[in-house]
Amino acid sequence: MRIWLSRPHMSGHEQVYVSEAFESNFIAPLGPQLDTFEASVSDYLGGGMHCVGLSSGSAALHLALRLVGVEAGDEVWISSMTFAGGIFPVLYMGATPVFFDLDPTSWTIDVGLLGEALAKAAKAGKLPKAIVPTDLYGQSVDLDQLEVLAAEYGVKLVVDSAESLGAAYSGGRKCGTGGEASILSFNGNKIITTSGGGMLVTRSKEIADGARFLSTQARDPAPHYEHSNYGYNYRLSNVCAAIGIGQMEVLDNRVATRRAINNRYQCALNVPGISFMPEPEGYYSSKWLTAISVDPQQAGLTREDIREMLMEHQIETRPLWKPMHMQPLFDGATYVGAGVDEHLFETGLCLPSGTDMTEAQQTEVIERILKLLKKKPDR
């Protein structure tokens with residue numbers, strides 16, 4: 001591909017910190033760079049958050065679900081439009097996912113639907129053990145309402161903030177600070193990367209300590225290898241954490257750049273039939289990816305027409321996440337909603353949004369889309 005959707009972009013500082021890791025001979029899994037990286041994220045998020053660096057966002061979600069008490073047979077209510085790595089940990093726990101639709105005014109989980117379903121479940125005595133909403137494409141869920149509902153019904157809230165580091169909820173609260181725990185991802189396509197990695201973030205020292213214990217094979221304190229519980233090899237490499245230190249130094253600049261790219265798209269593609277992911281008043285999205293919806297009736301062409309044309313010119317785009325309830329793996333799963341996410345999957349497209357995009361590349365994407373729209377057949 002000549003123009004990528006989103007790819008790793010180094011700041012130029014990472015090599016210094018990686019060299020320090022090599023010089024210290026702390027390679028993996030623990031070391032001073034990991035401590036520094038965790039502290040850097042904690043300071044950025046504010047509020048005395050405990051941060052545990054892990055091998056992936058999925059690993060963080062797996063540990064979070066286990067540590068909040070999810071067990072085999074429990075229900076976990078979760079955003080249907082999400083990445084598969086944000087749902088597979090529910091299956092690791094032997095729990096049952098129940099999928100929820102999006103609010104069309106925010107493209108994040110519909111809190112109204114969730115509240116109605118919780119009220120019905122409470123009357124039936126069948127409440128879920130946990131709720132896992134997704135901050136979609138860099139935009140926060142409605143944390144205030146979700147936390148109120150979780151407290152009212154005694155349900156654990158774990159927020160999937162894998163896509164939203166650098167974003168903020170209404171009032172300036174940083175994404176990654178919600179619920180019993182939140183999870184972050186530093187995969188190669190995220191706004192900052194450690195090449196691969198994730199983080200569990202929580203206000204609870206007990207949960208953080210539990211995550212550190214379980215992520216290092218649940219080794220009991222003893223001079224030999226003693227195990228009274230089972231754990232995982234989930235800790236983040238010290239070398240990868242060194243990359244993260246350098247990335248954190250440019251996080252706010254990355255967010256500003258992505259928002260500028262999104263704004264340019266919105267100004268240039270302000271044409272009938274193309275709409276952009278809404279940003280509710282007071283929210284501050286990182287615009288990790290610029291997501292649009294294409295109305296075939298107004299635009300005279302489909303999302304696929306645009307995607308395939310751009311692909312011919314080596315410009316990578318991608319449909320929005322296919323909702324989990326539409327996936328073969330979850331055939332027959334319970335879904336609550338009116339199909340807002342289904343419609344967005346059929347019409348939605350993520351445009352190239354990488355921080356390293358040049359102005360010329362942005363111009364090319366815009367001009368090729370506008371040229372295609374001008375060629376649309378009369379209908």
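One definition before the first item: an axis here is a line fitted to C-alpha atoms, for helices over the stretch in contact, and angles run from 0 to 180 degrees between N-to-C directions. What you are looking at is a predicted model. With that definition in hand, helix H2, residues 32-45, runs at about 135° to strand S1. H2 lies across S1 and also across strand S8 (181-185) and strand S9 (198-202).

Now the sheet itself. It is open and has eight strands, in the order S1-S9-S8-S5-S4-S2-S3-S13, and the pairing is mixed. S1, at 50-54, and S13, at 335-336, are the edge strands, each pairing on one side only.

Take S1. Its partner S9 runs antiparallel to it, and five bridges join the two. Within that pair, His-50 stands opposite Thr-202 of S9. Is S1 mostly covered or mostly uncovered? Mostly covered: of its five residues, four are buried.

For the parallel sense, look at S2, residues 75-79, and S4, residues 130-132, which pair over three bridges. There Val-76 is opposite Ala-130 of S4.

Next, the threonines. Thr-202 sits in strand S9 and is buried, at a relative accessible area of 1%. What does its side chain reach in the backbone? A polar atom of the Thr-202 side chain lies 2.7 Å from the backbone oxygen of Glu-180, and the side chain reaches the backbone nitrogen of Ser-204 at 3.0 Å. Beyond its neighbours within four places in sequence, Thr-202 is in contact with residues including Met-49, His-50, Ile-207 and Ala-208.

The other one, Thr-134, is found in the loop between S4 and helix H6 (143-153). Thr-134 is buried as well, with a relative accessible area of 3%. Its side chain makes a polar contact of 3.1 Å with the side chain of Thr-82. Setting aside neighbours within four places in sequence, the contacts of Thr-134 are Ser-79, Met-81, Thr-82, Thr-108, Val-141 and Asp-160.

On to the cysteines. How many disulfides are there? The count is zero. For Cys-175, the nearest cysteine sulfur belongs to Cys-51 and is 14 Å away.

Last, the packing. In soluble globular proteins, nonpolar side chains tend to be buried together. Here the largest nonpolar core has 42 residues, and Phe-37, Tyr-137 and Leu-165 touch the most other members. The elements that each supply at least two residues include H1 (14-24), H2, S9 and H12 (340-347). H8 gives the largest share, seven residues. A second, separate core has 33 residues, among them Leu-63, Val-70, Val-90 and Met-324.

Not counting residues up to four places away in sequence, Leu-165 touches Tyr-44, Leu-45, Leu-184, Phe-186, Ile-191, Ile-192, Met-248, Leu-251, Val-255 and Ser-286.

That is what I have.

Note on methods:
Residues are numbered from 1 along each chain as its sequence is written. This is a predicted model: local features need pLDDT of at least 70, side-chain atom pairs count only at pLDDT 80 or more; totals for chains, interfaces and linings use all residues. Side-chain values use heavy atoms; hydrogens and water are left out. Two strands pair if DSSP finds at least two bridges between them. Contact means heavy atoms within 4.5 Å. A disulfide is a pair of cysteine sulfur atoms within 2.5 Å. Buried means under 20% relative accessible area, exposed over 50%, partly exposed in between (1.4 Å probe, protein chains only). A polar contact is a pair of N or O atoms within 3.5 Å; within protein, one must be able to donate a hydrogen and the other to accept it, and residues adjacent in sequence count only if both atoms are side-chain atoms. A nonpolar core is a set of buried Ala, Val, Leu, Ile, Met, Phe, Trp, Tyr and Cys residues joined through side-chain atoms within 4.5 Å.
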